[in-house]
Amino acid sequence: MEILLILVLAVVVVLGVTDIRRSLISKPVFAVFKKILPPLSDTEREAMEAGDVWWDGELFKGKPDWQKLHSIPKAELSEDEQAFMDNQVETLLAMLDDYKIVQEDRDLPKEVWDYIKREGFFAMIIPKAYGGREFSAIANSTIVSRIATRSLTAAVTVMVPNSLGPGELLMHYGTQEQKDFWLPDLANGTHVPCFALTGPEAGSDAGGIPDTGIICKGEFEGKQVLGIKLNWDKRYITLAPVATVLGLAFKLYDPEKLLGDKEELGITCALIPTSHPGVEIGDRHFPMNMAFMNGTTYGKDVFIPIDWIIGGPDYAGRGWRMLVECLSAGRGISLPALATATGHLATRMTSAYGYVRQQFGMSIGKFEGVQEGMARIGAFTYTLEAMRVMTAGAIDLKLSPSVVTAIAKYHMTEMSRTLLNDAFDIHAGRAIQCGPMNYLAHGYMGIPISITVEGANILTRNLMIFGQGATRCHPYVLAELEAAANPDAEEGLKQFDKLLLNHVGFAIGNTFAALWQGLTAGAFNSAPVAGETARYYKQLSRMSRALALSADVSMLMLGGDLKRKEMLSARLGDVLSQLYIASAVLKFYEDNGRQHADLPFVHYSIQRSLFEIGKAFDGFLANFPNRIVARIIRTLVFPFGIGYKMPEDDIAIAICSALAKPGVIRDRLTHLCFIGQSEDDATGLMESAFVAMHNAQPLLKKIYQAQRDGKVGRKLPMTETIEQALAQQVISDPEATQLTEMNRLRFKSISVDSFKPGVLSKTAISKQGAAKA
């Protein structure tokens, strides 16, 4: 007993007396920490510091505050924004013929360009004081989504000036003189902007751009001024072929030290009129047969005044931080909007097609093989809409949540790819024949573009989500890294000493909590709601603890090697991502009044997220280098095994049943989908056929009964079936007319485009182009 008391007192003294603790514990641990911590480059450090920690921080700390999630304001459109949706957006949609735009003209019509500029589609993010719309992020997202269901080309054209580009950078960093000069003309469409970041040697590694600027003196407008001699070669730049103002990212050098003591100033952003001598634009790329303007820009020894740096000379070398902050916001709006549009369109049209298209005497949507894909389409669309609204809502809170937007970009574009593949499988031959009747083809062509831009998905998953999340979202790691990087070693030790005890306590708490929750399967975790979704909050809290524990152990055991173990870190990133996805779905369900009809979609989405979390942990633990540690973590977190499963078939069937008939849930789930007002439009035709067939069900039941009674023949063409049913007085004349019209719409809606001989030849296409010119 005395020995135990002495030991306890010794521990208390060592931990409680600062000088002793610092000397015996913190100092040696600090030395080890400096050796094993993942080193941060200057660009990595700026990327870490640029973003905001938001709900991702709650998920990473192991004990998310669900009331905090529910208290986040619901993102909604203002009256002005809704009016713009109801008027200008609808007018634009009516002007678009996407097949003609993509396959024939390969450009938007002049009247569409003029309308977009005149009505402020390029000015959604620009303040009203400069003539812009000053719309919210959720409005920006909703407008782009709605347009994308009609025309991806038009959506991208509208999207880019309201994402990363001159307007965004000017508003945040421009001098007052620059704002006054550029923003009004950007708002009214006089100037069309583009932003050039990517080049042949630098894509995802934007910090490695080879384009250079040398500070020197030169002649501008007949005077000798301080400026920059630029050399650049950029590609994949959207709107570059038609841009009048070029935003340019380059590395700035000052060999003569004309600005200060540093020779290498770093990445810098400048704004240059494309009419400026030496600026080359005009060449077009042809990205996946899409018609939006995308191309190259280059320049050799182009001299610009120093004041053309965005923010002026004071912002020389500060471009990387600017880009990271603005790209984070854009990544959370633009590509998620396009992905969600894919879901809205695919769900609306595929559910209709599955009902209209028949095989073996029944709608193909009743076959369980088709229902498996249809359920995934519907559930993914519900998830996409939940993520779109929550992520854009974060930006409207004046946040720039870099990890959250990376999660949204990666997972939403991947979900849209999956559900569009499902839509193609269900439509089969109807989907692969390109023509005016095909409402899926151009979206399918565009999916790889979303996958590769604004951070290719491989990079985003393997480096960004957990790479930034582990450091940025962890309660202590970033501060510990800053302490380790402190050039004053003694001061750094003091900072580290204050953090160490808290970090140790955090790790111990997560260890015991993970074990308790593993043994009890999270049954004693609290939930902010009752009912069918309560269990999901408990399981997500349990997996949040597991993530916090696994991340700490990984950083401790692997140190700097963790950054190179991309497969391992990506799996932990998958856990964090699925926790965010499930959180968004739960919030969306609550914000929309806990609609009972939504439950199959909620169950499917969250059960899938939990399954993906279990799969990610299983892969992580199976490949963790230290097998003893891996076994310990598995025993703590999953003492009885990983029990998460994909949703049961009954849930999938319930989703398909909800989508197989006109109604509120189908309308809410696909509210952004463009539907043409006449059967001359493929979407309008398919919807009309769907509604007509649904309304005709009572009459079809009469005919089926007559067939069973032998009054009407079986396996006859529908036209003959209707004639026999009328002759046998099974149906009346008006009912026969209704069925005939239904059958006409049905057959026309499942038909595909065909072209007369020679129409698709190069000669015919060239003649069409010459006639238009």
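What percentage of the 773 residues of the protein chain counts as buried? In this predicted model, the figure is 56%. The protein chain contains 32 helices and eight strands. Contacts with a separation of 6 or more are made, in 77% of cases, by residues 24 or more positions apart.

**Surface**
- The protein chain exposes about 33100 Å², of which carbon and sulfur atoms supply 55%.

**Helix α28**
- Helix α28 covers residues 682-695, and its 14 residues should span 20 Å at 1.5 Å a residue; the end C-alpha atoms are 20 Å apart, in agreement with that value.
- Because ten of its 14 residues are buried, α28 is largely enclosed by the rest of the structure.
- Among the buried residues of α28 are Leu685, Met686, Glu687, Phe690 and Met693.

**Aromatic pairs**
- The structure holds 17 aromatic pairs.
- In one of them, Tyr115 and Phe121 have ring centres 6.1 Å apart and planes at 45 degrees, so the pair is tilted.
- Tyr115 counts as buried at 9% relative accessibility, as does Phe121 at 0%.
- Phe617 and Phe638 form an edge-to-face pair, with 5.7 Å centre to centre and 65 degrees between the planes.
- This pair links distant parts of the chain, 21 residues apart: Phe617 lies in helix α24 (residues 599-623), and Phe638 in the loop between α25 (627-637) and α26 (649-659).
- Phe617 is buried at 1% relative accessibility, and Phe638 is buried with a relative accessible area of 4%.
- Phe84, Tyr115, Phe121 and Phe135 are joined into a cluster by ring pairs.

**Charge over a ring**
- Arg318 places its charged end over the ring of Tyr315, 4.1 Å from the ring centre.

Note on methods
Residues are numbered from 1 along each chain as its sequence is written. This is a predicted model: local features need pLDDT of at least 70, side-chain atom pairs count only at pLDDT 80 or more; totals for chains, interfaces and linings use all residues. Side-chain values use heavy atoms; hydrogens and water are left out. Helices (H or I, at least four residues) and strands (E, at least two) are DSSP runs, numbered from the N terminus. The expected span of a helix is 1.5 Å times one less than its number of residues. Buried means under 20% relative accessible area, exposed over 50%, partly exposed in between (1.4 Å probe, protein chains only). Contact means heavy atoms within 4.5 Å. Accessible areas come from the Shrake-Rupley method with a 1.4 Å probe; for residues, only the protein chains shown count as cover. Rings of Phe, Tyr and Trp (its six-membered ring) pair if their centres lie within 6.5 Å; planes under 30 degrees apart count as stacked, over 60 as edge-to-face and the rest as tilted. A charge sits over a ring if NZ of Lys or CZ of Arg is within 6 Å of the ring centre and within 35 degrees of the ring normal.
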